[in-house]
Amino acid sequence: MIDTFPTEHLPNRAIPGGGNEDLKNGDLPMEFYARFKLYHELMSTKVREILLVSSPYDAFIMEEDGSLASRIINEYSGLNLSHPPRVTRTSSAYDALALLNMRKFDMVLTTPHLEEMDAFSLGLKVKKTNPDIPVILLAHSPRGIYPLPENKNCKGIDKIFIWSGNSDLLLAMVKNVEDRLNVDADTQKAMVRVLILVEDSPVYYSSFLPLIYKEIVRQTQAVLMAGLNEEHRLITMRARPKILLATSYEEAMELYQKFRSFLFGIISDARLPRNHELYDDAGYLLLSRIKKEVPDVPLLLLSSQPKNREKANQIPAAFLDKNSPHLLSEIHDFFLTHLGFGDFVFRMPDRTEIDRASDLRSLETRLSRVPDESLSYHAERNHFSSWIMARSEIALASKFREVRASEFSDVSEMRQYIISNIRALRKLRQKGVVARFKADNFDPYIMDFVKIGQGSLGGKARGLAFMSAVLEQNQEIHEKYSEIKIRIPKTLVICTDGFESFVTQNNLEGFAGEGFTDEEVTEGFLKADMPEWLVKDMEAFVDHVRLPLSIRSSSLLEDAQFQPYAGLYQTYMIPNNHPDPSVRLEHLITAIKLVYASTYYEGPKAFSRSTSNQPQAEAMAVIIQLVSGKEYGDYFYPAISGVAQSHNFYPVSHMKSEEGIAHIALGFGKTVVEGEKTLRFSPRYPKIMPQFSSVQDILTNAQRFFYALRIKNGVEDPGLWKDSNLEKRELDDAEKEFPVRTLASTYVPEEDRIRDTGYIKGPKILTFAQVLKYDIFPLPQLLSDLLEFGRKGMGCPIEIEFSVNLSQDKKRKSDFNFLQIRPMVAEEERFQVEITYEEFEKAICHSTQALGNGKNEKIADIVFVKPEDFDTKATVQIAEEIGNINGGLTKEKRPYLLIGPGRWGSADRWLGIPVQWRHISGVGAIIELRNEKLKADPSQGSHFFQNITSLGIHYITVTEGAESEDHFDWKWLNSRSVVQETTFLRHVRLEKPLILKIDGRKSQCVIIGS
């Protein structure tokens, strides 16, 4: 809460408000004070102390742009929160219970996976000693908590919410708790109205509640401004409507009957629990009854079944289709058209409307252009003070009341004075960890992390901001590696409201639906116009920056725990060195549009269908970063790029899973994340490299190509950009460039030997020996430390992306650039799975390298690549054939087992079958065969691998051969009934589902077929 306004920004006079000329400065009518007193009497029970039981990373998400309290003030300044809550965080469940015994807390917010006990057990222990305290569970995915073990008692948790990357949910949860605590008193005191949301799905109500609160706050504030001119509405509109959540028919009826006299509206799902069973028409019956008893109350029926529109018409009630690509805007329209809110209206003295403003930003903009007569009209009537007071900016609003328009020499001076102080207030409200981009004083030399817009940073940018804070707080790592600059590249983020403005302005929401190819989506987005305000900011940016840029996605759901959406969106690199600023601006805008377009590509849509998320609920932020790398001739690239993970799914020798794994490559990281040839090593044991066990292995497995950005004589037509606008270069073409000479070894054919230097004649082989064997750069040690920092900070296994610039000048430091951090799904084995000797004996498949944990008895279809017909030249065609079969099985809702050779999802068609998510969106489990035809190492550093593991899809590696412990019974499989056969695939269906069991502790798997 802003208690005082910074006087250093103000001249020695009060701020103009205008009216009540007969009153002394600072004096207000007694009636106003009475209303003001009542205003403060509302919401008497507040959430002042929150106990947050979570990992440091979850806490960071909740406090993305400052403290949780500041987020409430800044984002929902009309919520009348006079004292921001204080958040006490602990990562220990036992410490949380101890704190509850020592101090009074108003709310407990917990995440599912705690170290000492799970959230439900914690809730029960909390309720045992504090039965009235609300305990809220915030899960990253339904998969994080469902299905629950049968003996789990859920009474310790009051509500379960699902986090999808939208920071507004945190505020909605706090306000929803407060509404429940205050609704009885406030409806009686001030006739505060009540809006009831009836929805049983945590996924949906976690999406709807933040939206409803945002709309309620935004629109109520505008009405409150008008209410100061309408005394008979002042008391009613002094407090926003309370929002109550019901999850069943009976709970909704109870709330309705209790608050019938204060109803503001009811929003209900069509399908609801009634008498502990789901009924398709329970919502219809609920609204029909209420409509008969209270005919004037606004009603909205929500359903994923379009046929329920007819039932809504019968009530009558408004209807919205949950699957509509326009759902968010349609809910917004419902608030505008059915709940009677409006904007600040600029008028001339004759009351003619000339403009509107909905928030402080638009008010500031409109103030600069409205006629003098309109400005004076509102100033003399105290409208500015009233409008700002409605947004709970009490200090500034009071000062606006203290001055008269007559104190200014002319209207121009008064206009500038109002604008400058509103701007100062906006700056004060926006202060946070991440600075805001200001076109008029942008300095790229001091820029570290700035953002455009007021929406979310998105998952990827949020992870970067978190790691930036971690690196700042842990100065010991900089001291330990004093010869290295450890940093995050200079970053500008266009927040999600830029995407929302772009999509809304150009009516692009329809592309969120089905039936559009990626090419059609791209064409639609490229033809659309970027919002003018965003273009202006980008213009200011390119005027100051002429270094290569990376334009990356940062969606709300990207890099979220359990569903990271890794690699599903686009990234583009641009040289940004054209002498004409307008050309550089065109290239940047085009890259942003292409990243925006990828939000609605088929891959992300298919992935969303597998995660209970709605494509239309997704919003995209964009990260614009200075590219980490150096110029080498016509090209720009980093010496090393890589991915490091704190959990190694495939440990060998005396490695341990928790010691992690790293994949590195020369040039840009596209080589790593798309599953091409890289060097794999454990940071703890960098000299143990199984893929380099012999000279022949090194020659076969070493990286031969790398990606670089051409910065001279490159492709200037954005329509011709491919592969993120990167070029794939052969190692031999760059053998004279510093990174290759430094990192490569040389093969000496006469000796059949590889020498660890790149400065002698002979074929160059990328072994990274100077780093991994001779320590010219302490990469393994640094990765170990950073993985440990990140793992402790996030409270779970993590994956980082990084790059290294090696300095040719020994007097200058080399750079380690931190590019990304995301949680991994190295899933906890909550249920022990035992595989018996008898099961091994009768299994049609058993493996010693399996990912996941649990038992699956739902798969009765098997799609496999016919070994006798497999051809590495045909892997692209095989991927398309898989996609066709996948489409049919997905429609039938039949999960299937997919079997094939090599590395699934690799962009290198010679290492495996290059399927994308759209090809396998319905898969239930995958077997990767390693044999003489394809023996690629598992690519656990790829985005494809990350998404597979995040969805809990069992991934089984079977190494065929006489010396292997693994086994697959091809004779059994070939005797099954064939449903469909293509050139390279066979689809069989079983009479009874397979029994698939994985013991996650031992990485063992058996598949039993009848």
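Modeller: Contact here means heavy atoms within 4.5 Å. The model is predicted, so local features need pLDDT of at least 70 and side-chain atom pairs count only at pLDDT 80 or more, while totals for chains, interfaces and linings use all residues. Residues are numbered from 1 along each chain as its sequence is written, and side-chain values use heavy atoms, with hydrogens and water left out.

I start with α9 and α10. Helix α9 covers residues 249-258 and helix α10 covers residues 282-293; they pack at an angle of about 15°, and their axes are 10 Å apart. The angle makes α9 roughly parallel to α10 (under 35 degrees; over 145 is roughly antiparallel, 65 to 115 roughly perpendicular, and the rest oblique). Helices are DSSP runs of H or I with at least four residues, strands are E runs of at least two, and both are numbered from the N terminus. Axes are lines fitted to C-alpha atoms, for helices over the stretch in contact, and angles run from 0 to 180 degrees between N-to-C directions. The crossing of α9 past α10 is right-handed, that is, the near helix is turned clockwise from the far one by less than a right angle, with anticlockwise being left-handed.

On the α9 side, Tyr-249, Ala-252, Met-253, Tyr-256 and Gln-257 meet Ala-282, Leu-285, Leu-286, Arg-289, Ile-290 and Glu-293 of α10. Sorted by class, this contact of α9 with α10 holds eight nonpolar, one polar and two charged residues (nonpolar: Ala, Val, Leu, Ile, Met, Phe, Trp, Tyr, Cys and Pro; charged: Asp, Glu, Lys and Arg; polar: the others, Gly among them).

Next is α23 (residues 581-597), which packs with α21 (residues 518-527) at an angle of about 140°, with the axes 9 Å apart. The two helices, α21 and α23, are therefore oblique to each other, and α21 passes α23 in a right-handed crossing. Val-521, Thr-522, Phe-525 and Leu-526 of α21 meet Thr-590, Lys-593, Leu-594, Tyr-596 and Ala-597 of α23. In this contact of α21 with α23, six residues are nonpolar, two polar and one charged.

Helix α22 (residues 532-544) also packs with α23, at an angle of about 125° and with axes 9 Å apart. That angle makes α22 oblique to α23. The crossing of α22 past α23 is right-handed. From α22, Leu-534, Val-535, Met-538, Glu-539, Phe-541, Val-542 and Asp-543 meet Pro-581, Arg-584, Leu-585, Leu-588, Ile-589, Ile-592 and Tyr-596 in α23. The contact of α22 with α23 divides into eleven nonpolar, no polar and three charged residues. Tyr-596 of α23 is met by residues of α21 and by residues of α22.

Of its 1010 residues, 60% are buried (under 20% relative accessible area; over 50% is exposed and in between is partly exposed, with a 1.4 Å probe and protein chains only). Among contacts in the chain with a separation of 6 or more, 74% join residues 24 or more positions apart. One of the helices, α7 (residues 202-227), contains Lys-214, which is partly exposed at a relative accessible area of 34%. Between Lys-214 and Leu-171, 43 residues apart in sequence, the C-alpha to C-alpha distance is 9.7 Å.
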